[in-house]
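Have a look at it first, and then we'll go through it piece by piece.

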Amino acid sequence: KFELRCEPHSTVLSLKALLAPLVSGGAEPAAMRLLAKGKEAADDATVAALGMAPAGGRLMLLFKRRHHAEREGEALVQDGVARLAELRERVSKLTLRLRKRLLDAAEAQVQLGALEEELNAISLDLKNAAPNETSDAAAVRRERLAECARVGDELSAARKEHAEALLGAQLGR
């Protein structure tokens with residue numbers, strides 16, 4: 001519940017602007033709907049026109065469709081960025097260990113498989129994220145999905161290189 005004090009000539013849009021910093025996640029006024037007496041109040045309607053002056057009244061705050069899904073999508077993208085950066089570092093370290101032949105075949109396969117599973121999970125989360133397509137998060141999402149593909153290629157190359165090294169060792173090369 002929020003209590004706002006305003007002038008009778010204040011518009012619904014100005015009330016939304018007052019509410020924006022109070023709402024968790026800082027919703028934009030355009031994403032808000034204010035209901036007065038069960039009906040959506042137009043942005044240009046005044047408090048007096050809604051019958052709330054001088055005694056006051058109650059408004060119900062709702063959010064427009066997809067608002068929450070877009071906020072959750074933005075959060076998933078940010079989480080995916082962090083997870084992907086950490087995964088990329090682990091892939092680099094594993095690739096180096098494979099080149100130096102510091103792992104036996106079974107351990108290498110297990111670690112490669114675990115990294116591939118984690119990459120698939122990150123990629124799926126990014127694909128399912130639903131940020132507003134015009135937002136910065138959507139652009140970041142597209143970039144990170146492309147990066148997921150590149151990391152997948154690195155993992156495939158590491159797996160191939162490791163298999164060739166094992167085969168070479170078995171053939172005595």
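How do the residues of the lining of the largest pocket divide into nonpolar, polar and charged? They split into 15 nonpolar, 2 polar and 5 charged, where Ala, Val, Leu, Ile, Met, Phe, Trp, Tyr, Cys and Pro count as nonpolar, Asp, Glu, Lys and Arg as charged, and the others, Gly among them, as polar.

Some ground rules before going on. The model is predicted, so local features need pLDDT of at least 70 and side-chain atom pairs count only at pLDDT 80 or more, while totals for chains, interfaces and linings use all residues. Numbering runs from 1 along each chain as its sequence is written, and side-chain values use heavy atoms, with hydrogens and water left out.

Back to that pocket: the space in it comes to about 710 Å³. Of its 22 lining residues, Phe2, Leu4, Gly57, Arg58 and Leu59 are the closest to its centre. A pocket here is an open set of points on a 1 Å grid over the protein atoms alone, where a 1.4 Å probe fits, with protein on both sides within 12 Å along at least five of seven lines; lining residues have an atom within 4 Å of a point. The volume is the space filled by probe spheres set on the points, which are joined across faces, edges and corners. Both α1 (12-19) and β3 (60-63) supply at least two residues of the lining; helices (H or I, at least four residues) and strands (E, at least two) are DSSP runs, numbered from the N terminus.

β3 also belongs to an open, antiparallel sheet of 3 strands, in the order β2-β1-β3. Strands pair if DSSP finds at least two bridges between them. β2 (39-40) and β3 are the edge strands, each pairing on one side only. β1 (residues 32-36) meets β2 over 2 bridges, and alanine 36 sits opposite lysine 39.

In the loop between α1 and β1 you'll find proline 29. Proline 29 counts as buried because its relative accessibility is 19%, and buried means under 20% relative accessible area (1.4 Å probe, protein chains only). Leaving out residues up to four places away in sequence, proline 29 touches Leu13, Lys16, Ala17 and Ala20, contact being heavy atoms within 4.5 Å.

Finally, helix α4 (residues 136-170) has 35 residues and reaches 51 Å from its first C-alpha to its last. Its buried residues include Arg141, Glu147 and His162, and their cover includes α2 (67-99) and α3 (105-128).

Conventions: The expected span of a helix is 1.5 Å times one less than its number of residues. Buried means under 20% relative accessible area, exposed over 50%, partly exposed in between (1.4 Å probe, protein chains only).
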